[in-house]
Amino acid sequence: MMQYYKACKRELWFFANQINMNYEDENISIGKLLHETSYPNERKNIIIDDTIAIDFIKKEGEQLIFEVKKSSKLKIPTLYQIYYYLWYLKNKKGINIKGAIVYPKEKRREEISLTPEIEKEIEFIVQDIPKILEQKTPPKAENKKYCKRCSYYEFCMV
Ligand code: SF4
């Protein structure tokens, strides 16, 4: 939900209300395949409290949580997904840890850590998401850079 919040609040509302268009989405299938075939030696999909699902955890000097992504095109929503994981682990589990997003196809990675400003923003978003979900109708469609690759594109824009 954190990712949807940063990408599009309307998409967040659709997702939360189970109005789902993703079943045939090729990007999702490719993402799943990449997730299954990358980093074969790591224990994957570590679910904590039915709330966060970490792709894998690895010690590289210090422990890091890793998120595997197909491409860096949805950079900000992905960043906030990891920020939320780090925030959750710190505030709900007392675990101070850093994270990394890896893009196997682009052969690069990006290390992520919390700042006081980001923590404040995450706290605000955590309060704001339920307010959006309580709305009887979805937020209005606004044409934004995410729309063209969004599974709701035809529903919103055509
Ligand atoms: S098409 Fe655009 S406005 Fe509609 S849900 Fe997707 S990102 Fe949001």
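Mentor: Two residues are in contact if their C-beta atoms, placed from the backbone, lie within 7 Å. With that in hand, we may turn to this predicted model, where the buried residues of helix H2 pack against helix H1 (2-7), H5 and H6.

Trainee: Which residues of H2 are buried?

Mentor: Arg-10, Glu-11, Leu-12 and Phe-14 are the buried residues in H2.

Trainee: What makes Arg-10 count as buried?

Mentor: A residue is buried if 20 or more other C-beta atoms lie within 10 Å of its own. Arg-10 has 22 C-beta neighbours inside 10 Å, and therefore it counts as buried.

Trainee: With which residues is Arg-10 in contact, leaving aside its neighbours within four places in sequence?

Mentor: Arg-10 is in contact with Pro-138, Pro-139, Ala-141 and Cys-156. Consider also Arg-10 and Tyr-152: they stand 142 residues apart in sequence, and their C-alpha atoms are 9.6 Å apart in space.

Trainee: Where does Asp-50 lie, and what is its phi?

Mentor: Asp-50 sits in the loop between strand E1 (46-48) and strand E2 (52-54). Its phi is positive, about 55 degrees, although Asp-50 is not a glycine.

Trainee: Why is Asp-50 called exposed?

Mentor: Asp-50 has 6 other C-beta atoms within 10 Å, and is therefore exposed.

Trainee: Let us move to helix H4. What makes Lys-92 exposed?

Mentor: Lys-92, which is in helix H4, has 12 other C-beta atoms within 10 Å. Since the rule for exposed reads 12 or fewer, Lys-92 is exposed. Lys-93 is found in helix H4 too; with 12 other C-beta atoms within 10 Å, Lys-93 is likewise exposed.

Trainee: What is used to describe two packed helices?

Mentor: Two packed helices are described by the angle between their axes and the distance between the axes. Helix H4 (residues 75-93) and helix H5 (residues 116-134) pack at an angle of about 90 degrees, and their axes are 10 Å apart.

Trainee: Why is H4 called roughly perpendicular to H5?

Mentor: Angles of 65 to 115 degrees count as roughly perpendicular. The angle of about 90 degrees therefore makes H4 roughly perpendicular to H5.

Trainee: Which residues meet where H4 and H5 pack?

Mentor: From H4 come Tyr-83, Tyr-84 and Trp-87, which meet Ile-118, Glu-119 and Ile-122 in H5. By kind, the residues of this contact are 5 nonpolar, no polar and 1 charged.

Trainee: Which residues come nearest to the ligand?

Mentor: Of the 13 residues around the ligand, Cys-8, Glu-11, Cys-147, Cys-150 and Cys-156 come nearest. Helix H2 (9-16) and helix H6 (153-157) each supply at least two residues of this shell, and H6 gives the largest share, 3 residues.

Trainee: How do the residues of the shell divide by kind?

Mentor: The shell holds 9 nonpolar and 4 charged residues, and no polar ones.

Trainee: To finish, which secondary structure elements make up the protein chain, and in what order do they run?

Mentor: The chain has 6 helices and 6 strands. From the N terminus on, they run α-α-α-β-β-β-β-α-β-β-α-α.

Trainee: How do you know that the protein chain agrees with a compact globule?

Mentor: With 158 residues, a compact globule would have a radius of gyration near 15 Å; the protein chain has 16 Å, so the two agree. The C-alpha atoms fill a box of roughly 50 × 35 × 25 Å along the principal axes. Of the 158 residues, 20% count as buried. Among contacts with a separation of 6 or more, 59% join residues 24 or more positions apart.

Notes:
Residues are numbered from 1 along each chain as its sequence is written. This is a predicted model: local features need pLDDT of at least 70, side-chain atom pairs count only at pLDDT 80 or more; totals for chains, interfaces and linings use all residues. A residue is near a molecule or strand if its C-beta atom, placed from the backbone, lies within 6 Å of it. Helices (H or I, at least four residues) and strands (E, at least two) are DSSP runs, numbered from the N terminus. Ala, Val, Leu, Ile, Met, Phe, Trp, Tyr, Cys and Pro count as nonpolar, Asp, Glu, Lys and Arg as charged, and the others, Gly among them, as polar. Axes are lines fitted to C-alpha atoms, for helices over the stretch in contact, and angles run from 0 to 180 degrees between N-to-C directions. Angles under 35 degrees count as roughly parallel, over 145 as roughly antiparallel, 65 to 115 as roughly perpendicular and the rest as oblique. The radius of gyration is taken over C-alpha atoms; the globule rule is 2.2 Å times the number of residues to the power 0.38.
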